[in-house]
Amino acid sequence: MGDLSGKVAIVTGAGRGLGREEAMQLARQGARVVINDIKLPGAEEAAQATVADIKAEGGEAIVVFGDCADSADSDNLFKTALDTYGDINIMVNNAGFCRDKTIFGMSDEEFDSVVRVHLRGHFVNMRNASKYWREKAKAGEEVYGRLISTSSEAAIFGSAGQPNYAAAKAGIVAMTMGAAQLMIKYGITCNVIMPRARTDMTNTGATAAMFAAPEDGFDAFNPENVAPLVGYLASPEAGNIAGEVFVVWGGRVNIVQRPSLDVFYDNPEGAKKWSVDGLHDSLSDYFNAEHTPVLDGFSVPPQ
Ligand SMILES: NC(=O)c1ccc[n+]([C@@H]2O[C@H](COP(=O)([O-])OP(=O)(O)OC[C@H]3O[C@@H](n4cnc5c(N)ncnc54)[C@H](O)[C@@H]3O)[C@@H](O)[C@H]2O)c1
């Protein structure tokens, strides 16, 4: 089960945190892995360490530095993967960073940089992967393609201190759903994970305590716990799983239900445009004095 021998995987942001564990997992399942990270002090050494660790376990990996959200860097990532290993089968979009502020205090730069690295970072590599697989399929060649996106529960619940991040992560879900609908006819699957783990990203401020390692027992927020789901979604056995969203941490995988339409109201005056008064008359039934606004945010329930 889960054999990825002969397959080629790209993982962005694979120097540290979740990306590193996911790259190690894919290599352990037999994939040759292209490690991407940004060429900055710290990240550079970390990416090289991931490659060294995969090789030390007998796996195959190379590093291709570049900004995950830059099209030219993404083109270079794909070209190097193809030149080195001859194919691309698994694309894990994972890289990113946070610039946390409430909506009151966020600058344009803080908004743009976070939306860029996550949403555009997914877009440029998703475009290259889907183009490559589609062209191959159209040429009558056999195609094996698995695209895995990384969102966050911030996309479902909102995140009061991360409006930029929550917006980018919601965009990633919508974009991946669309890609899943287009690509399934070629046998390509596209899915989304929403992980929880203790990494550089969460090891600060309030989240540090939330994700702290226990003194003993199972370390639910070890990023290693997330990697097997990525390995499974990348595997031949997961060929009929597409367009799905998973929350994953510890020993739990939570399949996210699609948003669905709730109760509806038709204009009681017949098939015609609503008036403001008419809307109030009908909707105040639902939004009555007992109605509580939806304000609950992200929390970590005990496992
Ligand atoms: N840790 C969590 O609990 C959690 C929760 C929800 C979602 N996520 C998502 O998981 C993914 C991985 O996060 P993590 O927690 O491992 O964080 P992390 O900070 O440990 O790792 C992120 C990696 O991305 C790299 N990176 C940053 N900008 C880059 C760029 N422009 N190009 C290429 N690489 C870049 C970093 O150098 C780093 O190696 C992110 O998309 C994050 O939003 C994490």
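The model is a predicted one, where local features need pLDDT of at least 70, side-chain atom pairs count only at pLDDT 80 or more, and totals for chains, interfaces and linings use all residues. Residues are numbered from 1 along each chain as its sequence is written.

Helices (H or I, at least four residues) and strands (E, at least two) are DSSP runs, numbered from the N terminus.

Strands count as paired if DSSP finds at least two bridges between them. S2 runs parallel to S1 (residues 8-12), joined by 5 bridges, and Thr-12 has Asn-36 as its bridge partner in S2. Getting from S1 to S2 takes the chain through helix H1 (residues 17-28), in a right-handed β-α-β crossover (clockwise from the first strand over the helix to the second, with the strands pointing away from the viewer). S2 also pairs in parallel with S3 (residues 60-65), over 6 bridges, and here Ile-35 stands opposite Val-63. The link from S2 to S3 goes through helix H2 (residues 43-56), and this β-α-β crossover is right-handed too.

As for H4 (residues 108-138), its buried residues include Val-114, His-118, Gly-121 and Trp-133. Just after H4 comes Gly-140, with a positive phi of about 80°.

How values were computed: Buried ≥ 20, exposed ≤ 12 C-beta atoms within 10 Å, placed from the backbone.
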